[in-house]
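Let's walk through this structure together, one piece at a time. Have the view ready and follow along.

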Amino acid sequence: MQSKANELSNILDLWFAKSTDPLIIKQMSMKWSFFLIKDIIEIIQIYMFLKSINLLNYRNYQELFLELNNQKLIILGDNSQGKTNLLEVVQILSLGKSKRASKDAQLVNFDADNAVIHAKVDKGLGEELAIALMIRKSGRRTLKINEVTKKPSDITHKIYTVSFMVDDLHMVAGSPSERRDWLDSILRQLNIQYKDVYAKFEKALSQRNSFIKSLVEQGVYFPNLNDSHREQLSIWNEMFIEAANTVTKYRKALIQELNPVIASHYKNISGKEDALEVSYAGTELQEADLDKRLRVDFIRSYTTLGPHRDDISFVLKSHNAGDFASQGEKRSIVLASKLSEIDLLKAKHNIRPILLLDDVLAELDESRQDHLLDAVDSDTQVIITTTHLGKHLQKWSENAQIINIKSGEIVEKALLGV
Ligand SMILES: Nc1ncnc2c1ncn2[C@@H]1O[C@H](COP(=O)(O)OP(=O)(O)OP(=O)(O)O)[C@@H](O)[C@H]1O
Ligand SMILES: [Mg+2]
């Protein structure tokens, strides 16, 4: 894609340089504008390359300067050296948060007060984004993009990623929250507005919870609610239901889009006709649904119904895969779900997301490794961590950039075969 972008940029240069006659310029503009605008949009939308990552006091990295010079980067290192920490940085750059840290303080080096991430992203046609994010132990963040101060939440939708971590392999039979997080992280990248939709829901949930808790603290329980309590509760209910149902609608719409894609990937991976689908166990709420749960909600001082509790399951051959699928089938399901994520991002944003593979290849057999690596076309940027270059990866990684990480430092840069 870079060559396509360069080519177009050259055509444009030539075109503008040679067109001196106003009439010719006008005719040329009319003739070329449609094609060029279409092409430019295509290139701007598709092209994205993470060029560099510089870190200061990020987890076990005191200082790191990394230039990425190839679509394929392999981060090699023993256990606990900082491989996943580096992938986590790319996750933060795309999602705004790490999938494994619940608090920003965890991201800052034990001996420092703040961490800094600097990254450069090539967006094609000479456009470059310089992202500078300061993360403080206090939780306050500062973000600059091309030297301009932005809201910290503006970090999202600059780069897109699909990550496949060893922990994801437990997603099928793991807790419902893992599957909800998976679905929500896809939605966050697919829909710029989902972040606000979810934030609105969380606010409504927390307001309803606070109200219930405040009554419980006053010794007021469900059967003793007076008219004024009920009236106030119904205001919180209304806001909660509206926000909750919007989240549910987004999730269900995504599942509808996802299902044919995931089914087809699963068939390819398994080589069987076994039908796989994602199923959503929640429904859109009405006030009566909340009323039925009031007793339980007051006992727990917490809203026990809604998208924060809904389960999502993988249904294989009409049964919940979490309950009966073999380890191999579970791996195939997760692999199919990751490949579907890539497809959806490509289809929706016309973007090839950066694929982050954390130690996962060693967990897959050769045929599943093939399915994963085959999905990576030449325009996709891939970052892989591994403790060793197995035979399979070694073959795939010809000409890849390989760095060796030890105790949060690059100890050796190498190009395979050189
Ligand atoms: N805030 C922090 N400050 C300093 N060190 C940290 C911080 N958070 C994590 N670490 C350390 O960073 C080291 C590297 O962690 P990381 O998860 O990146 O290892 P890894 O190379 O992926 O190892 P593995 O192969 O076992 O997955 C660990 O020893 C961890 O204790
Ligand atoms: Mg790791």
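In what order do the three strands of the open sheet lie? The order is E9-E10-E11, and the pairing is antiparallel. Strands E9 (276-280) and E11 (319-320) are at the edges with a single partner strand each, so one side of each has no neighbour in the sheet. E10 (residues 312-316) joins E11 through two antiparallel bridges, and His 319 in E11 is the bridge partner of Leu 316. Strands count as paired if DSSP finds at least two bridges between them; strands (E, at least two residues) and helices (H or I, at least four) are DSSP runs numbered from the N terminus.

A word on the source: this is a predicted model, where local features need pLDDT of at least 70, side-chain atom pairs count only at pLDDT 80 or more, and totals for chains, interfaces and linings use all residues. Residues are numbered from 1 along each chain as its sequence is written, while chains are lettered from A and ligands numbered from 1 in the order in which they are written.

Stepping back, the chain has twelve helices and 15 strands. Now for the inside.
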